[in-house]
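Hello,

Here is the structure I promised to pass on. Please open it first, then read my notes below.

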Amino acid sequence: MATRDGGMKSTLINGVKMYTIASQQPSLASWLPSKKQQSHRNVKSYTQNLQLLEDLRFTTAATKIKATPNAEYIIASGIYPPQVKVYEVRELGLKFERHLDSEIVDFQVLSDDYSKIAFLCADRSVNLHAKYGKHYSLRIPRMGRDIAYDCWSCDLLCAASSPDLYRINLEQGRFLSSLTTQSPALNVVCRSKLHGLVACGGEDGAVECFDMRVRSSVGRIDAVGPSGDVDQEVTALEFEGDGGFIMAVGSSAGKVLIYDLRSSHPIRIQDHMYGSSILDIKWHRTLNYEQPMLITSDNHVVRIWDPETGEGLTSIEPATGTINDVCTFPGSGLILLALDCSQIPSYFIPSLGPAPKWCSSLENFTEELDNSGQTTIYDHYKFLTKEELERLNLTNLIGTNLLRAYMHGFFINHALYKKAKALADPFEYEAYIEQQKREKMEAERASRITVRKKLPKVNRALAARLLESEEAENEKRGDDDEEEEPKKASKKKKGLSMQDLQDERFKAIFTNKDFEIKDSSQEYLALHPMGSKKQTSLLKEHFEPIMSDDDQSLGDSDASTSSQDELTNGMKEKARVPRIFVGSWNIGGITPPKNLDMEDWLDTKNSSADIYVLGFQEIVPLNATNVLGPPNRKVPSKWNSLIGAALNNRTPTKVVQEDKIVEPQKIYPLREHICTEGEHGREYFQCIISRQMVGMFITIWVRCDLYQAIRHLSVSSVGCGILGCLGNKGSISIRFYLHETSFCFICSHLASGGKEVDRRQRNINATDILSRTIFPSGPLNDMPQKIIDHDRVVWLGDLNYRIYMQDSATQSLIKTREWETLLKHDQLKMELMEGHVFQGWHEGAIEFPPTYKYQPNSKDYQACDQQHASKKRRSPAWCDRIIWFGKGMKQIQYNRSESRLSDHRPVRAMFTADIKVSENCI
C-alpha cells in the first residue's frame, strides 16, 4: 500500500457503503533518478494516491481482467500495444508483462496459476502461453468472439461469427468436429462446472445447450423473446455454480433473464435501464449471504442484486470511461474494473463481503472514513415532476414513503413507475412494438435507391403505362447484354416511349387538356372494344363481395395524388369472403378403421366450405418409441385418404406422397397429383399441405379452383413436451397467402392435468408457442414472421383447459346440462377475459356439452359412469377448442360431432374471412 491519506472515496448508494480505490496519476517510473522521485513526494496529487497493486494500468485502455483460480494472481490485457500483465497479489506488484501481435478478444486460464493461458486474438488466432512465454499459435476459420475451456475433455471451445462452435483438443493437439447450432452466429459460450453442460448464445436471441458426452444438442430456447424485445441478441451467459439448474442470460437490450433449465420460461427478468448490451454476468458467493448474488455489467454500470427477489444491493458507475470487463475475488467484496481508459479502478463493498487476505488493511482504512462526508445516490429510482405525477394519477402518494422529495420533483421506485405507466397507458407496449417495426422498415427502405418520376397532370394513366413499358424494356435489354450468345434482333415493332413524346409535335398530349383521353367516350370504346368487358371470375361464384371503407372513399379521393399511387392504380383491392371449415379431434392413439364415417364431423351435405383445416392430436400413442423415434407416416396417410374420400364423395384410396418444396423447409404435402379444374371440376378438393409432429397432425384442403391462389406455404413447429422441447406437446403452425391476405393456423396439444400448476404450465406452453413460432420473411422481407402478425389467425386443438370446480359439483351440473354455469368456471374463458396470455383472442358461444372425457365407445362421461369407475376419474371439460385472433373473421358455426372413436368428441367451426383480392385477378 502506498498511502491512505485521502486516497479513498466513500459513497453511499441505497444505504450501502462503497469505497473507491483508484489511482488518478500514474505511479513513478523506476528509471527516474532518485532526486526526481524525492521531488514528487512533495506534490499533493502523488501523496493522496492509494494503489492496491503497483502499476495497475495500461497505456490506452484495459480490455479484460481475471483472477486465477488459486486467487494468487491477477491477469489483465490491454492496449496499445496489445499486451498482457500478470500481477502477484502477495507481492502487491507486477510479476511480468508480455506483448502480442494482435488485440486480445478474450482469454482463459487453463491452470490454477498463470502457467497455462489461452488467448483469443482479433486476427482469428489462438495463442497458447506457458510460464516461459508463447508455446504455440493456431487460427480458427472465423472471427472469434468468446472462448471457454472444458477441463474434463481438455477441449478449448471457441464461439465465432459462425453457426459452428469450434473445438480444439489440447491433449491431442488438433481440431475436433465442431458443434453445429441453429443460430446464424455465436456471441458467447459458457460451461457449467457442475454437470458439464455447454451453452451457446447466438445472434438470433436463442440459447442452445450441448451435452459433451454425446456432442449433440439437448435443447434450444428463445432466451430473449420473453423479455418483449424484438431482434435482440444473447451477449452474456453464466451457470450458477451450486445447483447447476439456474442459468443467467444477458441480452443486447440491457436485460438479464434467469432461467431454470427445467423450464423454457424465465423466472426473473431484470432491466439495467440503459439499453446497452450486457457484457458480463457473475454468480458471486460470500459469507454475508446464504444465496449467491448476481453481478451484471454493461458499458455504463455494474449492478449487484439478489436473483431471488430482484432487489438491488448497490451499483457502480465509473466516470472515467466505459466498462469492458469485471473481476471479482471469490468470497470477498473487492471488485476490479477494466475500463476504456488507462486506469484500472478498484471498489470495496463491505456489505458484499470482507476484504481479501492480501489487502486486509482495507478494513482499517474504511473504519477511518466512516465519519467523513459521503455522497448519497438514489439507484433504481425515477425522477418525476409534479405534472408527470398528475398524468400518472400518483398525486395521492405525495407525503408517503413511496415518494422522496428532491428539488422541483420527486424520486419514485422504478418498478412502481413502470406499473403506474402501464395502467395509465396500457397500449404503450404495442405502440413500442409498432414503432420498432416502422423503424426497421424505414431503415431497409433507406438503403434502397429509388427514383421517383413525376407524372404529368394530363393523361397520367398513359404516361404511367409508357414508363412501365420503358422500364421493362430497359431491364430486358440489360439481360440481353449479359448473355454471351448474341440473339437475333426482334422484328416486332417497338411501341412509343416517353423519349418519343418529348418531341415538340407530341408534347401537347400531356399539357393540353383538349388531348385528354377519356375511357368512357364512344371513340375510345370503338378503338378498344374489349376494354370495357370483364371476364367472369370464379371467385364471384364462391365468394360474396363486400364493400370496404377504402372502396367507398375511392370516389372522393383527391385528383392530385402521388405518382406512386397512380402507378398502382391497376391494383385496387376488393374484399372477398371465403368459407373456412376448422376442426379439431383428439384421437387417443386409435388407428382409424377403413369404414370410419367422416361425414358426421365434416358435414359436407349440409354446409360446404371453400377451405378445410383439420387438426388431430394423439394420432399415435404417446409412448417413448413414437416420441423419440421416427414419425409414423402410415397413420397420416390413412386419415388423408378418409378425408379426401369424404370431401370428394369417393372411395378411400391410398395416398401417394408427392414432394413439393414451397419454401426452403421440409414440407411433405400428401397429394394424389396437382388438380385442375377441367379434370375434376370446381367442387373437387385438393390437399395442399399436411404436417405431423409425433401425435399432432394438421392437413389443409382447398377447393380446386382456389389452388392457384394459394402462395407462400410455410410450416413452423414448436415442441413444448419433455425437457421443454420434445414433440409430445407443442404446436404445428401453417402459414399461407390466399390472394393478398395471410392466414395462420395453429394446431396444438398443451399440457394436461386439472391442478393449478397444470394451468400455469398450459399458459407457459401457449407463451412459448407464440414466441418461438417463426416463419420465413420471404425474399423481400415483407411477410409476417410471428403468429399474431398475420391477417387471419385461428388456433385449434386440445388446449386441455379444465373447469375450475370441485369434481362433484361439476358432475352435478353436467347431469342437469347447466352449461352456462360451468362455463363461468372454465379456465380458458377466464384466460380470454383476463387477457394474460390470450390477449386479443376470441371464442364463439359454446352451446354443446364438454368434449372430454368419455368412456370408450360410449355416450357416458368417465367420471359419471359408476359402473366402469376407474382409479383416475377425469372430470369432464371443454378441452378441445377453436379460437381466433384479431378482426376480419366471423364465426357462423361452432359445435361438436358425436363420433365415439376416442374419449374426446371432435369440435368444428365455420368461419367467413375477409380477403383482399387484386383487381387484376377478378
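Which exposed residues does the face of α5 turned away from its buried side carry? They are Lys-419 and Leu-423. Bear in mind throughout that this is a predicted model.

**Helix α5**

Stay with α5 for a moment. The helix covers residues 414-424, and its buried residues are His-414, Tyr-417 and Ala-420. Viewed down the axis of α5, these buried residues fall within an arc of 120 degrees, so they line one face of the helix. An α-helix has 3.6 residues a turn, so residues three or four places apart point the same way. What lies over the buried residues of α5? The cover includes β31 (381-385) and β33 (409-413).

Next, go to β17, residues 206-211. Here 6 of the 6 residues are buried, so the strand is largely enclosed by the rest of the structure. Ala-206, Glu-208 and Phe-210 point one way. Val-207, Cys-209 and Asp-211 point the other way. Both sets are buried, and they include Glu-208 and Asp-211.

Which strands pair with β17? One is β16 (residues 198-202), antiparallel, over 4 bridges. Within that pairing, Cys-200 has Glu-208 of β17 as its bridge partner. The two strands form a hairpin with 3 residues between them. Gly-205 sits in the turn, with a positive phi of about 80 degrees.

Another is β18 (residues 216-222), also antiparallel, over 6 bridges. Ala-206 stands opposite Asp-222 of β18. This hairpin has 4 residues between the strands. Arg-215 takes a positive phi there, near 55 degrees.

**Strand β2**

Now look at β2, residues 16-21. The strand is mostly covered, with 5 of its 6 residues buried. Its pairing with β29 (residues 346-348) is antiparallel, over 3 bridges. Find Tyr-19 and look across: Phe-348 of β29 stands opposite.

**Cysteines**

How many disulfides does the structure hold? The count is 0. Are Cys-121 and Cys-327 buried or exposed? The cut-off for buried is under 20% relative accessible area. Cys-121 is at 0% relative accessibility, so Cys-121 counts as buried. Cys-327 is at 1%, so Cys-327 counts as buried too. Cys-209, in β17, is buried as well.

Over to you.

Best wishes

Note on methods. Residues are numbered from 1 along each chain as its sequence is written. This is a predicted model: local features need pLDDT of at least 70, side-chain atom pairs count only at pLDDT 80 or more; totals for chains, interfaces and linings use all residues. Side-chain values use heavy atoms; hydrogens and water are left out. Buried means under 20% relative accessible area, exposed over 50%, partly exposed in between (1.4 Å probe, protein chains only). Two strands pair if DSSP finds at least two bridges between them. A disulfide is a pair of cysteine sulfur atoms within 2.5 Å. The arc is that of the directions from the helix axis to the C-beta atoms. Contact means heavy atoms within 4.5 Å.
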